Amino acid sequence: MCQYRAQSVHINDKRHDMQIDDELTLKKLEIFLAFMRTGNLARAAEALQTSNVSVHRAIHSLESALRCPLFKHEGRNLTPLESAYVLEERAQKLVLDVLATVELTRQAAGFSAARFRLGALYSLTVKTVPQLIMGLKIRRSELNIDLILGSNIDLLYKLKNMEVDAMLVALDESTNDPDCEHLALFSDDIFLAVPTDSPFAERHEVDLSDLREATFITLTQG
């Protein structure tokens, strides 16, 4: 009894010390599963949009990584051995588990594929935001879009804290952050509205620095 327990512990230690071969990848397991599902190199290659050679090479690489044969090679035909059926069953569970893990991780980080949080300036809700949301819904009908409105500074803070996934703002010094990727969608003219008796009323162009002491009406405070 003591010898049996010692032998059992020794085997478990070997399992813990065993390292996964670099050649054993999820991509190769997916190719292997496609072959097992179709039973043919050509059909597996067609399903994966790759070549027969790539499928055969991936299977051979798996056998090398596992250090055991998976198929009986009969000319160009590959006949699955018992080891292939064991790997197929376990690999199916492994791939599904990895996909579920990726999805749960993205959800925890606020990047769920089913929900998209869009931040935007109030001034863009008249035309730009509705057009953008309509385009997103056409391409991704299953996507739920949350619209969060705010100022440049507020939205940048939310973006950096992952409270929004993207934002539509004016590109200026307040949003020029090296940690964020910027994409210019369009350029727009700024018009100055002043009373008819204002000294700026007759000007065709106005330098904003001339208005540094002026009082403005804004959509929000600040």
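Hi everyone. A quick word on the source: this is a predicted model, where local features need pLDDT of at least 70, side-chain atom pairs count only at pLDDT 80 or more, and totals for chains, interfaces and linings use all residues. Residues are numbered from 1 along each chain as its sequence is written, and side-chain values use heavy atoms, with hydrogens and water left out.

Let's start inside. By nonpolar core I mean a set of buried Ala, Val, Leu, Ile, Met, Phe, Trp, Tyr and Cys residues joined through side-chain atoms within 4.5 Å; buried is under 20% relative accessible area, exposed over 50%, and partly exposed in between, with a 1.4 Å probe and protein chains only. The largest core has 21 residues, and Phe32, Phe35, Val55, Ile59, Leu70 and Phe71 touch the most other members. Helices H2 (26-38), H3 (41-48), H4 and H5 (82-108) each supply at least two of its residues, with the largest share, 7 residues, coming from H2. Helices here are DSSP runs of H or I, at least four residues, and strands are runs of E, at least two, numbered from the N terminus.

Take Ile59: beyond its neighbours within four places in sequence, Ile59 contacts Phe35, Leu41, Phe71 and Leu78, contact being heavy atoms within 4.5 Å. Apart from this core lies another, of 13 residues, including Leu118, Val129, Leu156 and Val169.
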